[in-house]
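This report walks through one structure, part by part. The sequence and the model come first.

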Amino acid sequence: MTGQPLPEPAPSPTATDAGIPSTQRAARPRWRETLGLLARNPAAAVSGALLLLIVLVAVFDEALAPTGPNEISVEDRLQPPSLEHPFGTDDLGRDIFSRVILGAAVSLRVGFLAVAVALVIGSLIGLLAGFYGRWVDDVLMRIMDMLFAFPAVLLAIAVLAVRGPGSGNTALAIGIVYIPVFARVTRASVLGVREEVYVRASRSVGASDLRLLTRHVLPNAAPPIIVQTSISLAFAVLAEAALSFLGLGTQPPNPSWGLMLAEGRGFIDIAWWLAFFPGMAIFLTVLCFNLLGDGLRDVLDPRQRTLMAGGAR
Amino acid sequence: MLRRTGQSVVVLAGVSVIVFALVHLVPGDPIRLALGTRFSQETYDALRERSGLDQPLVEQFFSWAGAALTGDLGVSFRSGETVTSLIAERLPATLTLAFASILVALLIAVPLGTLSALRPRSLVDRGATVLSQIGISVPEFWMAIVLILVFAGTLGWLPSGGYVPLTEDPLGWAQRLLMPALVTGVVSGSVITRFVRSSVLEALGADHVRTAQAKGLPTRQVFTWHVLRNALLPLVTVTGVQLAYLLSGVVVVEIVFAWPGLGQLALQAVQARDYPVLQGAILLFAVVFLVINLVVDLLYTAIDPRIRR
């Protein structure tokens, strides 16, 4: 279990901080060390491995699925789990095992896209607010407060009400919801780094703001952002499932875990497997992202308590 | 304190602009969308005029926001009832569920979090960590479906959903409340457990606790007077945040349990393209969220003299 690769981006390559040696700040673990430390945390290591597996399944979904997502076979309808259909079949005779595999691609794609939106926009806002302070900070963070005042799922529902349902809009909606979270985490982290000796030193020798931000501030402010990314992926997968369950996210006949759960709900008393396996898939994926996030936090940023932990789910 | 309240007002103003903009961001004509395909020109004109959509945008915003301040959130496109009365109808169910859930959450979180902090790395602590991790990761609607299958289906102990007012049928009320409150309570409780654990641990490690122990105070007294009181502070914040979240309608759980709360109202409004209702509901949630956060901050100042200036 040592040094196994993870689906998480390694802390940015500039983390070696070639510029000015810092004696003020404890040396941060570089990415190899991070992986080594992470591997010693069994929960995080197992989660990381399992997530890698889930991502691989999602990437090679069509090759791995025994049948297509919408191959209907009426005589096989509502079959319980068997050797032929490990997870059983649904009311249209579709193979649930195949649909769970193909659903992984949908759920993860929406999750990663959503977090990418939140990460890029939110971190940029947090970076600018934290680095420039004063009115820039005030204006940007008040706008973030406004977004943050909306309940997460309802804000997503509102965005979908405006833009219409579908996977792409779901990703956008979830992404918008998490922008303020990334902005706050990044800003807090940047504030801690901004006045470090190496930043001031670099500034005093005439480095541009852009260079300061990209070479010194961002790399050193990255650990909490990385932790937040993993935890947000957990929430994004959960949110995608919830929105699809409500009929606003991924649309039928596409297989998405949340949608399968909604479809299986009607058969719960005669065919439990319809709702059980997609639910299990959501649960395991979310659990792995959460455990990996916890593990990353222990290694990268032991004192950080992320905002989302206390915030709306 | 004034500054803090002022900030909330600014944020609220911004929120109302966003909520207002919502309807105007919808591609196409909201009224045409709301009415569907078959309607007469008169119906269209009447609804358009009544909802003020024929006025200039800025004027619309101020008349809408001004009316909202006096509690008038407009009229539903669908039923013709006022949004305020629609919301008021749903309020008892939502309040009931939110407070029952917080109760469940605290009943889980406080003992579990405290026990695991008192015996870090023990079996109890590991068990609590695993449980709370599971509670955070499990999809609420899945847990709800499983509970319905077991308790309403197989065992037949509880009704699978619905809501009756307490005054009409106390037993039926409690029976129907149990499962939804359990589902949302377990999720919130898992979040709060982790906070209780870390704040009790932090309080245990404080210097004044060591001093209290060193001067020979009984363990029980040290715990209640020096540890618990300090650990309570973060608990207020996280409970407030969770309450705000629960009050804003746990949409999915309400749907699964056919619970006639605000979340359900909001979702129905989306499906029916009933934008005034959606606007009203979302505005209310945002206000509730801001008010609870403000109250939590002020409460924090009141119970912790160190923060007072």
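## Model and confidence

The structure is a predicted model. For the complex, the predictor gives an ipTM of 0.80 and a pTM of 0.80.

Chain B has a mean pLDDT of 80, with 91% of its residues at 70 or more. Among the elements of chain B, the highest mean pLDDT, 87, belongs to helix 5 (residues 83–118) of chain B, and the lowest, 66, to helix 2 (residues 30–35) of chain B.

In chain A the average pLDDT is 77, and 85% of the residues score at least 70. Among the elements of chain A, helix 4 (residues 96–132) of chain A has the highest mean pLDDT (89), while helix 12 (residues 307–310) of chain A has the lowest (38). Over residues 304–313 of chain A the pLDDT is below 50, and this stretch has 40 contacts in the model beyond near neighbours in sequence. Residues 1–27 of chain A also stay under 50 in pLDDT, with 53 contacts beyond four places in sequence. Where pLDDT is low, the predicted coordinates should not be read in detail.

## Overall make-up of chain A

Chain A contains twelve helices and zero strands. Of its 313 residues, 57% are buried. Among contacts in chain A between residues at least 6 apart in sequence, 74% join residues at least 24 apart.

## Helix 9 and helix 11 of chain A

The axes of helix 9 of chain A and helix 11 (residues 273–300) of chain A come within 8 Å and cross at roughly 170°. On helix 9 of chain A, the residues making the contact include Pro223(A), Ile226(A), Ser230(A), Leu233(A), Val237(A) and Ala241(A). Those on helix 11 of chain A include Ile282(A), Val286(A), Phe289(A), Asn290(A), Gly293(A), Arg297(A) and Leu300(A).

## Helix 8 of chain A

In helix 8 (residues 197–204) of chain A, the buried residues are Tyr198(A), Val199(A) and Ser202(A). They cover an arc of only 105° around the axis, so they lie on the same side of helix 8 of chain A. These buried residues pack against helix 7 (167–194) and helix 9 (209–245) of chain A. Just after helix 8 of chain A, Gly206(A) takes a positive phi of about 90°.

## Annotated transmembrane regions

For chain A, an unreviewed UniProt entry lists "transmembrane region" at residues 38–60, 110–131, 143–162, 168–185, 225–250 and 270–293. In the model, residues 168–185 of chain A are 100% helix and 0% strand, with the end C-alpha atoms 26 Å apart. Residues 143–162 of chain A are 85% helix and 0% strand, and their end C-alpha atoms lie 20 Å apart.

For chain B, the annotation, also from an unreviewed UniProt entry, covers residues 9–26, 95–118, 130–157, 177–196, 231–257 and 277–300. Residues 277–300 of chain B are 100% helix and 0% strand, and the end C-alpha atoms are 34 Å apart. Over residues 130–157 of chain B the chain is 82% helix and 0% strand, with 29 Å between the end C-alpha atoms.

Terms used
Residues are numbered from 1 along each chain as its sequence is written. Chains are lettered from A and ligands numbered from 1 in the order in which they are written. This is a predicted model: local features need pLDDT of at least 70, side-chain atom pairs count only at pLDDT 80 or more; totals for chains, interfaces and linings use all residues. Side-chain values use heavy atoms; hydrogens and water are left out. UniProt positions are given in the numbering used here, feature names are shortened, and annotations may be inferred rather than shown by experiment. Helices (H or I, at least four residues) and strands (E, at least two) are DSSP runs, numbered from the N terminus. pLDDT is the predictor's confidence in each residue, from 0 to 100. Buried means under 20% relative accessible area, exposed over 50%, partly exposed in between (1.4 Å probe, protein chains only). The arc is that of the directions from the helix axis to the C-beta atoms. Contact means heavy atoms within 4.5 Å. Axes are lines fitted to C-alpha atoms, for helices over the stretch in contact, and angles run from 0 to 180 degrees between N-to-C directions.
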